[in-house]
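Student: I would like to learn how to read a structure that is new to me. Could we go through it feature by feature?

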Amino acid sequence: MEKIYKKDDVLEITIEDMSEEGLGIGKADGYALFVKDTIVGDRCIVKIMKAKKNYAFAHLEEVLSPSSFRIEPKCPKSKACGGCQLQAMSYEAELKFKENKVKNNLIRLGGFSEDFIESIKEPIVGMEPPFRYRNKAQYPIGYDREGKPVAGFYAGRTHNIIPNTDCLLGKEINEKILKCILSFMKEEKIAAYDENTGKGLLRHVLIREGFSTGEIMVCLIVNAKSFEKEEKLCRILTGKIPEIKSICLNTNTENTNVIMGDSTRVLWGKETIEDELGGVKFKISARSFYQINPVQTERLYSKALEYANLTGKESVWDLYCGIGTISLFLAKKAGNVYGVEIIPQAIADAKENARINGITNAEFFVGKAEEVLPEFYEKQSNKTNPNDGKAKDMLHPDVIVVDPPRKGCDEKCLETMLQMEPERIVYVSCDSSTLARDLKILCAEKYELKAWQCYDQFSRTVHVETVALLSKLSEAKHHINVKLDMDELDVTTAETKTTYNEIRDWVKEKYGFNVTNLNIAHVKQKHGIIEQENHRKSKYPDKKQQGTPDEKVKAIEDAMKHLQMI
C-alpha cells in the first residue's frame, strides 16, 4: 500500500536536485519534498510543513551529512532574511546551478535539443567577488520588539523586518547612512510607518550609488508631503557622509505594497547622480531603471553589442530601453537607434543621457513596446514612401534588441518583430522561462538560435541574466527537399512553390491587415501541409501552440485557396 505523508511527519532524505527557486528537492519512497536552505548532496532530517498529494514543503531540522558543495554563509542573517537563497552553496556550484537552469528551460520550454543547446553555449560569466555588487538598495523601516526603529529586509513571504543595516550584497557605506537615519528618528521621535494602521512617517530608505563616480543618492519614502526636520536631517547626512550628492523625498500615502509614490522632490543637492558604463555617462534619478550590478552589466552589454555585430550603418530598435543604457551602447557603433520604454521619466532620462554624451543618432519613444512597435509598423507600412530611407530602415531594421521584464515579450510585439524581419535579434533576459517561451515563437520558422550566454548579475541569489543571439534564416534554409512520388507531384506543386510572402501580400491587399509567418505556419499545419523539420522541433508535439485569431485563419485560408494550395 502506498504510504501517505502528512504535516509534521519527520523524514530523513538526501537532497538530489534543486528547484528554480533554490529549494532543495529530496524524495521519500518517490514522494518529492521541497526543502529551503538545503544543497544538493545534503543528507538531512526534515519536517513536513504542507503536504500535497504528490509533493510537500518541508522545514530543514538538521543536516546529518553536509554536501561537498555546502559552505558557511558569510551573512549571519542570510537564513532568516531569505534574500540570498544560495549563500550556503559554493560559488562554483552556484554558477553551475544557474547555467543548468537556463539550459533546462531552453530544452523543456523552448523545445530545443540538448545537444544543440550545448553546442552553441558560451560559458557563464561569474562575478568575483560575488558580494558588494549592488548599486541600489531599498530598506523598509520599522520597529524591533523593544520599540527601537530598525532598517532591514522582509523575511521571505512576510512583511516582518529582519534588522540588517549591512547587507553584504550592498556597499559598506549603506550601513553608515542607515545608522544616521535611525539615530535621527530616535532623537527626533520620527515614527516609522505602520502598514496595519496607515500611520507613521518613514516607510523606506532608498540608497543609490554611481560606482564609477562614487556619488550617492538617498531617497526617503514617507507617508506625507513633507516633515518638519527635513533640513536638519540633510545637514547631518551630508556632514557625516560627503559622498552624498542628492537627498530626495518621495511621497507615498497609499495603502499599498508598492514602495515608491508618484511624487519626488529634491531636499538637498542634485536631482540625479551620475555613473559611467563602457565610456557612456548616465544620469540616474530616484526612480530610474538602471541595472543593479554595473560590473556585470558592462560585460553583458558588451556581449549584446558583439552579438549585434554593428559596423556603423545599421538601423536598430531597442525595446524596453529604460534610461537608454543598451541604446547608447549600441549608438556608438550603429547608424541609428530607436528606443521604446513605457515610463515617461525613463525616456526623459534617456534623451538627457544621449545629450550629455553628444549622441545624436538615438531617438526615443514613450509607450508599451507591444503597442508602439505594432502601431508604428501598421501605420508606416501602409503609407511609407519607398524613397524614404529612414522610414524604410525603421520598418525593416538590421537588428532588434529586447530586454523585457520578467514576463517576457508580449505576443503582439513578437509578431511585429517577425514582420519587420531584422537580420539579427539580440534577446537580453532576466527570466529564462519566458526567454525559452519567446525563443520558441521566434525560431518556429524564421529565425535560428545561434548563441547564448549567462551572466551572474545577481550573485548569491537564484536569479541569472542571459543574452541570446538569433539570426534570420537564409532563404535556402526555409526550403526542404522532399522525395515525392509522381502521383503526389500535382497536388503539392502549389504548396511547395508558394512563398510566405505571397500569402502575406495577398492577405494584406484583400483584407487590409497583416499576418505573420507564424500565423501562416499554424494554418498550413492545420491543413496537413508539410513544414520544415529541424533541430528545434518541439519535444512536446501534442502541446497546444499559441493560437491564431479566427479572422486571420480565414484570411490565410482564402489566400491559400486563391493560390491553389488547398
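The dialogue below takes up cavities, aromatic rings and strands in turn.

Tutor: Please keep in mind that this is a predicted model, in which local features need pLDDT of at least 70 and side-chain atom pairs count only at pLDDT 80 or more, while totals for chains, interfaces and linings use all residues. Residues are numbered from 1 along each chain as its sequence is written, and side-chain values use heavy atoms, with hydrogens and water left out.

Student: Which residues line the largest cavity?

Tutor: Among them are I181, F184, M185 and L220. The largest share of that lining, 3 residues, comes from α4, where helices (H or I, at least four residues) and strands (E, at least two) are DSSP runs numbered from the N terminus. By class, the lining has 10 nonpolar residues (Ala, Val, Leu, Ile, Met, Phe, Trp, Tyr, Cys and Pro count as such).

Student: How many aromatic pairs does the structure hold?

Tutor: Rings of Phe, Tyr and Trp (its six-membered ring) pair if their centres lie within 6.5 Å, and planes under 30 degrees apart count as stacked, over 60 as edge-to-face and the rest as tilted. The structure holds 13 such pairs, including the stacked one of Y5 and Y31, at 5.0 Å centre to centre with 20° between the planes. Y5 lies in the segment before β1 (10–18) and Y31 in strand β3 (residues 31–35), so the pair ties together parts that are 26 residues apart in sequence.

Student: How do β4 and β5 run, parallel or antiparallel?

Tutor: Two strands pair if DSSP finds at least two bridges between them. Strand β4 (residues 43–51) is joined to strand β5 (residues 55–65) by 8 bridges, and the two run antiparallel. A hairpin through 3 residues joins β4 to β5, and the bridge partner of I48 in β5 is A58.

Conventions. On a 1 Å grid over the protein atoms alone, a cavity is a set of points where a 1.4 Å probe fits but cannot get out, and a pocket is an open set with protein on both sides within 12 Å along at least five of seven lines; lining residues have an atom within 4 Å of a point.
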